[in-house]
Amino acid sequence: MHGFLTQGYFLTSNHNNLFGESTDGGSLGFTEIGVNASWVPRPDVQLAIQGLSRRAGGAAEGEPELDFALLDYAAVETEDRRLGVRVGRVRLPFGLYNDTRDVAFTRPSILLPQSIYNERSRELTVSADGIMLYGEERSTWGNLALELGPVLARVDNENSELALLGRNFPGDLESRWSFIGRLMYSTPREALRLAVTGVREETDYKPRLAFPNDLGPGKDLFEPVIFSAQYNAESWSLTGEYARRPIKDEGFSPDFDIDIVGESYYVQGIYRIDPHWEMVLRYDVFYANVDDRDGSKTEAATCTEAATCIPSHFQFAKDWTVGVRYNITPSWMARAEYHNVYGGTLYLLPQDNPDVLALDKKWDIFALLLSYRF
Amino acid sequence: MLRREGAEGVVASASPYFPMAYSTPLASAFQRATPAAGFVLVLRHGLVLVRRARPALAGPSQGRRTDSTLQAWALCLILLCGWPARANSEEVVVAVNPATPAGATITRNTLSAIFGMRLRSWADGTPIRVYVLPDNDPVHVAFSKEILGVFPHQLRTAWDRLVFSGTGQAPLGVADEAEMPARIAGIYGARPEVLGSEEEMREKLARNAGAIGYLSRKMIDERVAILPVN
């Protein structure tokens, strides 16, 4: 049995709220609690379950959720090969950090690089119900690991609707069978890790009311591809990830449908000063649409009236992050972090910022975090 | 020899990036010189530094110049002589329960799979039970780097991924090296010599067949067997 308990503090500048009302005196509206258990009835079978409770400003109020619950069967398991299948609710193999994104100890910083792991679309990528096949081959030239499978994303909730459609509409979202796959290569001693993740996520919208009081029966297709690279030395690690994120919405309404490609990447360095102290420096960039990187086209098209206006800075985010981690004991850890978002509000949640017109283009985040694990 | 848990006043750093368990004529010379001269050896980030002991323990007449001269000499000797070899008794070895069906030797590849928690049973189907020391323990650091060829932080990352994504289990934690033989053997409390008979000992060992861990050679006793790595 293992678990974790994390409390965060976020102080942001201007009018930009992160995890609750964070501008005036800061917010303690960020808590993560998780407990898991696993059972190995025989060496080739494992059952695992994890419950999660998250408080995250307006997006989550601590309601318990089933994070994963799966049965893992390894059909082949030798020192250099593994082949098996996981069935149930599984964490999605997405980039380098998604597998354990809610565990503060495993994150490189308080806030994960929002370019790849943004809070807005968390529900779409965190875990899903389905089947995950896995295979691993280890040899003198290195190790190859593949995870691949059909899943149903957890989209039937308000956060996903805000992430996919930008507003909570009368109807509901329903996931079609979607696919995710990650292929990872690492050198024999795993100093270098290279991965590519591909996703094809299809979501249907089931309107409840007739047009024009509701959207039409549309379909959202999200097909991100993520390239990941990490080099691990003894006292430092260098990590970079790059994603192309095509989004295609059709059948909602002529004004609503889009066909855009987002782009995002970060470069991050970690330096382990000694067993207790660790520092992180990162540059993080996120564009919602590669044809409108500065958001000016979107603003010109939508801001003819205030009700529909999407300001230009809501289309991108550029973030310099510097942080420090202190390992108090193996089970207690504290962190402090500063973000200079020198342009853009793309990863701010509408749940915490109902009026996007009130947001400021340039802003800062100061964050503290305390975490316990067992 | 450098003491890991030094006597009073020995400011031996326990950096996980550098195991303390090295023995060298140079180190011995300094170690012997330490109490009188008021200097200590500090190993940090792969550098040997000679520092003054804390003021209360240092002689009143020790000056800065002597301090830096000694530092320079130590570094100079290290550069000339190369890195000192690990003394045999400090060498970290793979230790198994005598009833573990591991065969006569084990390959590095198999060890990587076992300590990476990707191989869960021995060839005959016996479940593998993996025991590890804390991440910062010098013996764990030495085992990770010298035998597995990875850094402790990489192992921790891999184990956390298994535990917190439900795809595997973490190894069993052992608080310190002294406890390791008992955990691997599955024999607590009574030392083997006070067990009634060899047969009784064999019976007890068999209950934890499949156990594997690691120890410095000097900590090996009759409860555990060394599994050579080839």
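Author: **Salt bridges within and between the chains**

A:Arg89 and A:Asp129 form a salt bridge, with their closest N and O atoms 2.7 Å apart; the term denotes a side-chain nitrogen of Lys or Arg within 4 Å of a carboxyl oxygen of Asp or Glu. This pair links distant parts of the chain, since A:Arg89 belongs to strand β5 of chain A and A:Asp129 to strand β6 of chain A, 40 residues apart. Helices (H or I, at least four residues) and strands (E, at least two) are DSSP runs, numbered from the N terminus. A:Arg89 counts as buried because its relative accessibility is 17%, whereas A:Asp129, at 28%, counts as partly exposed. Here buried means under 20% relative accessible area, exposed over 50%, and partly exposed in between (1.4 Å probe, protein chains only).

The model is a predicted one, in which local features need pLDDT of at least 70 and side-chain atom pairs count only at pLDDT 80 or more, while totals for chains, interfaces and linings use all residues. Residues are numbered from 1 along each chain as its sequence is written, chains are lettered from A and ligands numbered from 1 in the order in which they are written, and side-chain values use heavy atoms, with hydrogens and water left out. The pLDDT is the predictor's confidence in each residue, from 0 to 100. Chain A averages 94, and 100% of its residues score at least 70. Among the elements of chain A, the lowest mean pLDDT, 86, belongs to helix α2 (residues 158–165) of chain A, and the highest, 98, to strand β12 (residues 225–232) of chain A.

The side chain of A:Glu202 meets that of A:Arg176 at 3.5 Å, N to O. A:Glu202 lies in strand β10 (residues 192–206) of chain A and A:Arg176 in the loop between β8 (172–175) and β9 (178–186) of chain A, so the pair ties together parts that are 26 residues apart in sequence. A:Glu202 is buried, at 10% relative accessibility, and A:Arg176 is partly exposed, at 36%. A:Glu202 also forms a salt bridge with A:Lys219, the closest N and O atoms being 3.0 Å apart. That pair links strand β11 (residues 219–222) of chain A, which holds A:Lys219, to strand β10 of chain A, 17 residues apart. A:Lys219 is buried, with a relative accessible area of 19%.

Over all chains, the structure holds 35 salt bridges. One network of salt bridges joins A:Glu77, A:Arg82, A:Glu136, A:Arg138, A:Glu190, B:Arg118 and B:Arg120.

Between chain A and chain B, the count is 4 salt bridges. A:Glu234 pairs with B:Lys145 in a salt bridge at 2.8 Å, N to O. In β4(A), 6 residues belong to the side of chain A that touches chain B, the most that any element gives. By class, that side has 15 nonpolar, 11 polar and 18 charged residues; Ala, Val, Leu, Ile, Met, Phe, Trp, Tyr, Cys and Pro count as nonpolar, Asp, Glu, Lys and Arg as charged, and the others, Gly among them, as polar.

Chain A and chain B bury about 3300 Å² between them, 49% of it on carbon and sulfur atoms; buried area is the accessible area (1.4 Å probe) that two parts lose on being put together, summed over both. A:Glu79, A:Arg189 and A:Glu234 supply 20% of the area that chain A buries against chain B, more than any other three residues.
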